[in-house]
Number of protein chains: 2
Amino acid sequence: MGDDTTEGGLPRAVAAAWGLLQTPQRGPARGLDHQRIAEAGVVIADRDGLAAVTMAAVARELGFTTMSLYRYVGSKDELLRLMQNAAVQIPDGLVLPASWPEGIRTWAEVVRRAYRARPWLMDLPRDQAAVLMPNTLRAAELGLATMDGLDLEDGEKIGIILLVSQHVMSLVELERSLAVEGGVSMTPEGLERLGTVVTAERFPRLAALISTGGFADPPPADPVGDDGEHGDDSEHGVGGAGGAGGAGGQDPADVEMEYTLGLDLITAGIDALIARRAAGPTASGSAGASGTG
Amino acid sequence: MGDDTTEGGLPRAVAAAWGLLQTPQRGPARGLDHQRIAEAGVVIADRDGLAAVTMAAVARELGFTTMSLYRYVGSKDELLRLMQNAAVQIPDGLVLPASWPEGIRTWAEVVRRAYRARPWLMDLPRDQAAVLMPNTLRAAELGLATMDGLDLEDGEKIGIILLVSQHVMSLVELERSLAVEGGVSMTPEGLERLGTVVTAERFPRLAALISTGGFADPPPADPVGDDGEHGDDSEHGVGGAGGAGGAGGQDPADVEMEYTLGLDLITAGIDALIARRAAGPTASGSAGASGTG
DNA sequence: ACCTGAACACCGTTCAAGT
DNA sequence: ACCTGAACACCGTTCAAGT
């Protein structure tokens with residue numbers, strides 16, 4: 001309905017990224033193209049944060065005026081989508097290990113590396129348009145390849161790489177928020193103030209975590225625990241550290257533990273699913289975990 | 001370092017939400033307070049989307065001028081944080097089922113209901129400040145309660161509710177993007193165009209999904225499959241449908257299947273972790289899945 | 001065909017001034 | 001103490017005009 005979609009219903013940014021748009025340059029062609037514009041945006045985002053990516057800033061980076069950009073990208077939104085594709089770097093000739101759990105771990109590491117290299121990717125919208133971009137599909141293809149021999153349906157495999165990539169992103173986000181890059185943050189005094197209100201009566205489980213310091217300082221040393229970071233770099237809509245989760249244990253080792261834990265749970269879950277399926281070829285639907293409690 | 005943090009290092013919005021700020025009204029008090037301001041913001045976001053939440057719009061909703069708001073909230077960012085807390089509704093007297101996997105499923109459903117009721121919550125930053133808000137902590141406390149008797153460390157429990165809430169959010173985001181609310185979208189022709197470039201040679205696994213229509217129309221019927229939606233409601237930074245995942249199978253039933261699958265994998269993973277622990281009380285570190293491939 | 005200047009309608013935020 | 005008017009520096013985007 002909008003104008004950011006081409007005839008076939010493909011989002012314009014998707015068509016552009018795949019080279020499906022008849023490029024407007026036919027004459028001298030000494031001008032711009034969306035590739036160069038997207039790359040300039042990436043440079044700015046890397047250097048000054050996503051909020052600094054302004055039509056004016058991108059144009060200045062390229063030595064053109066702001067309005068010239070509109071010859072090549074329909075809107076800032078389209079630019080951001082092109083940047084997303086340009087910024088995701090997926091290794092090309094990667095050989096996956098033979099064991100599938102190792103394969104999933106390897107793939108998770110690839111995804112993690114991509115997010116770590118460009119944390120602002122996590123502040124971009126991940127909707128259907130983002131999913132159809134070339135580099136996103138390359139990543140998805142690689143993810144599917146890790147489960148090649150397994151007795152899983154396509155939908156299940158997709159669900160799994162969705163779960164894994166979501167998990168990886170959430171922990172990169174968490175580790176980013178803990179990086180003490182330049183902000184003070186909760187002092188013991190602030191924690192105490194919080195403790196007066198997160199009482200053991202109302203929050204029996206969390207109060208313990210807060211009072212025992214599980215919420216604050218890295219083991220001993222450094223009394224200025226962690227950091228909320230919300231500087232001037234990212235606009236909004238992070239997408240990160242747990243819709244309703246807390247962060248218990250705030251040093252990098254704990255983040256690494258939770259990263260590994262999540263992958264272990266997922267692979268163990270797959271293992272159980274496959275085993276159950278191999279044992280009894282019943283229906284196909286979902287079959288909850290056995291239940292121990 | 002910024003001014004959006006109180007003495008103890010607590011983000012101002014956190015202190016305000018917990019009532020730790022000496023409220024500025026002492027006189028006639030016929031004016032505003034952050035609670036009313038946040039609620040007005042919620043009303044606007046519910047009605048017109050998050051992008052419509054402008055300082056001017058909020059003030060108008062309340063019958064005041066824009067600038068009066070700055071007496072009560074330090075910045076728009078602070079307002080958004082207060083809105084996040086005000087908008088999350090966690091049921092109060094909820095009794096959890098005895099079986100822990102059922103408990104986790106119940107908790108996931110609570111989280112899902114919260115996101116479904118206010119999808120714009122997913123476009124808000126989820127950083128440390130968000131995590132420390134009263135209603136976020138109430139949700140986390142409830143999540144921890146589902147694992148009360150289990151042989152898991154605190155960090156593990158937190159990792160699990162992080163994983164679950166992230167999964168739930170990602171699927172609500174996916175179902176939102178599929179809701180055909182007012183946009184056309186990829187026609188068969190658009191899919192064909194995409195197929196010319198997502199070739200079987202370069203994307204053997206995905207090409208199949210696209211050509212077999214696994215990417216488009218709900219089983220039979222309705223030839224206009226899905227929707228990318230990126231209207232004028234949400235600003236940016238969704239946080240949703242899979243950093244690198246695709247969406248294979250695009251009708252609501254498939255989304256439901258993936259929702260259930262994810263929870264099943266996680267609970268099965270917990271089951272395996274506990275069982276392994278009960279069997280051999282070895283060290284404590286991570287122990288990968290057995291590996292079947 | 002491509003680029004530019006000027007202008008528009010909006011942002012969030014500040015500050016001196018009113019009562 | 002609280003609210004307001006006027007103003008500032010910035011956005012994304014449009015459009016007529018230049019070459």
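This is a predicted model: local features need pLDDT of at least 70, side-chain atom pairs count only at pLDDT 80 or more; totals for chains, interfaces and linings use all residues.

Residues are numbered from 1 along each chain as its sequence is written, chains are lettered from A and ligands numbered from 1 in the order in which they are written, and side-chain values use heavy atoms, with hydrogens and water left out.

**Chain A overall**

- Chain A has 11 helices and 0 strands. Helices (H or I, at least four residues) and strands (E, at least two) are DSSP runs, numbered from the N terminus.
- Read from the N terminus, its elements run α-α-α-α-α-α-α-α-α-α-α.
- Of the 293 residues in chain A, 57% are buried. Buried means under 20% relative accessible area, exposed over 50%, and partly exposed in between (1.4 Å probe, protein chains only).
- Among contacts in chain A with a separation of 6 or more, 71% come from residues 24 or more positions apart. Contact means heavy atoms within 4.5 Å.

**Helix 5 against helix 11 in chain B**

- Two packed helices are described by the angle between their axes and the distance between the axes.
- Helix 5 (residues 100-117) of chain B packs on helix 11 (residues 252-279) of chain B at about 140°, with axes 11 Å apart. That angle makes helix 5 of chain B oblique to helix 11 of chain B.
- Axes are lines fitted to C-alpha atoms, for helices over the stretch in contact, and angles run from 0 to 180 degrees between N-to-C directions. Under 35 degrees counts as roughly parallel, over 145 as roughly antiparallel, 65 to 115 as roughly perpendicular, and the rest as oblique.
- The contact residues of helix 5 of chain B include W100(B), I104(B), R112(B) and R116(B). Those of helix 11 of chain B include E256(B), Y259(B), L263(B) and D271(B).
- By class, this contact has 7 nonpolar, 1 polar and 7 charged residues. Ala, Val, Leu, Ile, Met, Phe, Trp, Tyr, Cys and Pro count as nonpolar, Asp, Glu, Lys and Arg as charged, and the others, Gly among them, as polar.
- A117(B) is also in helix 5 of chain B. A117(B) is exposed, at 57% relative accessible area.

- A salt bridge is a side-chain nitrogen of Lys or Arg within 4 Å of a carboxyl oxygen of Asp or Glu.
- E256(B) pairs with R112(B), with the closest N and O atoms 3.0 Å apart. E256(B) is in helix 11 of chain B and R112(B) in helix 5 of chain B, so the bridge ties together parts 144 residues apart in sequence.
- R112(B) is buried at 6% relative accessibility, while E256(B) is partly exposed at 33%.
- E175(B) pairs with R116(B) at 2.7 Å between the closest N and O atoms. This bridge links helix 8 (residues 154-178) of chain B to helix 5 of chain B, 59 residues apart in sequence.
- Both partners are partly exposed: E175(B) at 23% and R116(B) at 37%.

**A bridge between chains**

- E141(A) and R205(B) meet in a salt bridge, 2.8 Å from N to O. The pair runs from helix 7 (residues 134-145) of chain A to helix 10 (residues 204-211) of chain B.
- E141(A) is buried at 6% relative accessibility, and R205(B) is partly exposed at 28%.
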